[in-house]
Amino acid sequence: MQKRSALLLAVAAVALCFVGESQARRTYQARIPNGNSVPDPFTPGGTWPGVGHRSKEGAGMRNPFGIDFGLNNNAWTQGLCRADSDQDGRSNGAELGDPNCVWRVGTAPPQAASGHPGVCEPVNTAHCRNINNN
């Protein structure tokens with residue numbers, strides 16, 4: 001009986017970790033335009049829920065956009081919107097559907113996201129392969 005209780009407690013603790021991570025992701029996604037529908041540049045039709053991280057699912061190392069987002073106090077600012085975090089020639093705002101940097105938290109983005117602000121695209125070019133692999 002004690003083994004079963006210990007196992008259930010361990011499973012519950014692991015589950016709570018994932019709930020916390022998922023909740024944190026949604027909190028950050030809501031702070032950028034189209035944060036829950038950022039395209040996955042490696043999977044046509046897919047999305048990248050952990051937009052600020054190198055890992056598609058989030059957690060772990062941050063990508064260039066995630067670093068810049070953190071430097072901007074985890075807020076969508078004019079500076080972050082106009083920046084080109086991934087050095088692909090398109091501003092973060094253009095990639096996330098806010099090309100004029102007018103979006104505010106809680107409102108609908110002006111456009112759909114058309115790129116990933118933390119992954120240089122197109123990923124198969126020499127320029128972007130060099131950036132994405134560093």
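1. Let's start with what counts as a disulfide here: a pair of cysteine sulfur atoms within 2.5 Å. Cys81 and Cys101 qualify, since their sulfurs sit 2.1 Å apart, under that definition. Keep in mind that this is a predicted model.

2. Where do Cys81 and Cys101 sit in the chain? Cys81 belongs to helix α3, while Cys101 lies in the loop between α4 (92-96) and α5 (126-132). The two are 20 residues apart, and the pair links distant parts of the chain. Both Cys81 and Cys101 are buried. As for geometry, the Cys81–Cys101 link is left-handed, with -90° about the S-S bond.

3. The rule gives a count of two disulfides. Besides the one above, Cys120 is joined to Cys128, again with S to S at 2.1 Å. The Cys120–Cys128 link is left-handed, with -55° about the S-S bond. Cys120 and Cys128 are both buried. If you number the bonded cysteines of the chain in sequence order, you get the pairing 1-2, 3-4.

4. Now the core. Which residues make up the largest nonpolar core? There are eleven: Ile32, Val38, Val51, Phe65, Phe69, Trp76, Leu80, Cys81, Leu96, Cys101 and Trp103. Note that Cys81 and Cys101 are in this set, and they are the cysteines of the disulfide in point 1. Two or more residues of this core come from each of α2 and α3 (78-82). As background, nonpolar side chains tend to be buried together in soluble globular proteins.

5. Within α2 (residues 64-71), the residues Phe65, Gly66 and Phe69 are buried. Why do they end up on the same side of α2? Because they cover an arc of only 100° around the axis. Phe65 and Phe69 are also members of the eleven-residue core.

6. Both ends of α2 have something to check. At its start, a side-chain oxygen of Asn63 reaches to within 3.0 Å of the backbone nitrogen of Phe65. After α2 comes Asn73, with a positive phi near 55°.

7. Last, Val38, another core member. Leaving aside residues up to four places away in sequence, Val38 touches Gly46, Thr47, Trp48, Val51, Leu96, Ala113, Gly115, His116 and Pro117.

Notes
Residues are numbered from 1 along each chain as its sequence is written. This is a predicted model: local features need pLDDT of at least 70, side-chain atom pairs count only at pLDDT 80 or more; totals for chains, interfaces and linings use all residues. Side-chain values use heavy atoms; hydrogens and water are left out. Buried means under 20% relative accessible area, exposed over 50%, partly exposed in between (1.4 Å probe, protein chains only). Helices (H or I, at least four residues) and strands (E, at least two) are DSSP runs, numbered from the N terminus. The arc is that of the directions from the helix axis to the C-beta atoms. A polar contact is a pair of N or O atoms within 3.5 Å; within protein, one must be able to donate a hydrogen and the other to accept it, and residues adjacent in sequence count only if both atoms are side-chain atoms. A nonpolar core is a set of buried Ala, Val, Leu, Ile, Met, Phe, Trp, Tyr and Cys residues joined through side-chain atoms within 4.5 Å. Contact means heavy atoms within 4.5 Å.
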